[in-house]
Amino acid sequence: MSIHTPPADWFKAPHGAERLWIGLALAWCMVMFVAMPYWHFYGKQNSTGEGYRVEPREFSERVAKFVETNQVGEIQGIPVVEPAPGGDAYLRAQMWAWYPILKLRKGQTYRVHISSIDLQHGFSLQPLNMNFQILPGYDHVLTLTPTSTGEFSIVCNEFCGVGHHLMTGRILVEE
Ligand SMILES: [Cu+2]
């Protein structure tokens, strides 16, 4: 069978259910088109976009110093560290762990510095579903004010190797 040109009047305008679904999809596209910039400016869980260049080795040193001066406990061998209210906290992403465990106070504001010292990871705070990309070489600063107490899990949502599924961490929030 040979390839032949389609008839000149091949186009048939969508009608019925097809027209309805295309219309709904288009309407939803328009809603998202407006919602994305809206969330960017008015969302309560947005990054401020504050970030700095940092060498992984240097970031590791800051994390070590932060742990050394603010450690208040230990859970399963991982230090629990409580930064001063209004102060800086450090969180290191590395295959395949988040380090250390942060202990924060409800209603206090912190500057949480997050970086990776090897490759790209994804910071996903659960169950709030706050998500940020964590890259080596960048100190990503999150201005964080916990509004509820409890234990929050951090999972890595950027595939980072065979231990990716084990890469969990936690943030404890107390009164
Ligand atoms: Cu990871």
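1. Two strands count as paired if DSSP finds at least two bridges between them. By that rule, β4 (residues 88–94) and β7 (residues 110–116) are partners in this predicted model. Six bridges join the two strands, and they run parallel. Leu91 stands opposite Ile114 of β7.

2. β4 also pairs with β5 (residues 97–99). Here the sense is antiparallel, over three bridges. Ala93 faces Trp98 of β5 as its opposite residue. How much of β4 is buried? Five of its seven residues are, and the strand is mostly covered.

3. On the overall make-up: the chain has two helices and twelve strands. From the N terminus on, the order is α-β-α-β-β-β-β-β-β-β-β-β-β-β.

4. Along the principal axes, the C-alpha trace spans about 75 × 40 × 30 Å. Buried residues account for 20% of the 175 in the chain. Of the contacts with a separation of 6 or more, 54% are between residues 24 or more positions apart.

5. Seven strands form an open sheet with mixed pairing. Their order is β2-β3-β6-β12-β11-β8-β9. At the edges are β2 (71–75) and β9 (130–134), each pairing on one side only. Neighbouring strands are turned by 25 degrees against each other on average, direction ignored.

6. β2 and β3 run antiparallel and are joined by four bridges. Ile75 stands opposite Ile78 in β3. The hairpin of these strands has two residues between them, and Gln76 there takes a positive phi near 50 degrees. β3 and β6 run parallel, with two bridges. Val80 has Ile101 of β6 as its bridge partner.

7. β6 (residues 101–105) continues the sheet to β12 (residues 168–174). The two strands run parallel and share four bridges. Arg105 stands opposite Glu174 in β12. Helix α2 (residues 56–70) packs on the sheet, touching β2 and β3 (78–81). Its direction makes about 70 degrees with that of β3.

8. Which residues of α2 are buried? They are Phe59, Val63, Phe66 and Asn70. These residues cover an arc of only 60 degrees around the axis, which puts them on the same side of α2. The spacing fits a general rule. An α-helix has 3.6 residues a turn, so residues three or four places apart point the same way.

9. The cover over those buried residues includes β2, β3, β4, β5, β7 and β10 (138–144). Among these, β2 and β3 belong to the seven-strand sheet. The face of α2 turned away from the buried side carries exposed residues: Arg57, Glu61, Lys65, Glu68 and Thr69.

Conventions. Residues numbered from 1 in each chain as written. Predicted model: local features only at pLDDT ≥ 70, side-chain atom pairs only at ≥ 80, totals over all residues. Buried ≥ 20, exposed ≤ 12 C-beta atoms within 10 Å, placed from the backbone. Axes fitted to C-alpha atoms, helices over the stretch in contact; angles between N-to-C directions. Contact = placed C-beta atoms within 7 Å. Arc of directions from axis to C-beta.
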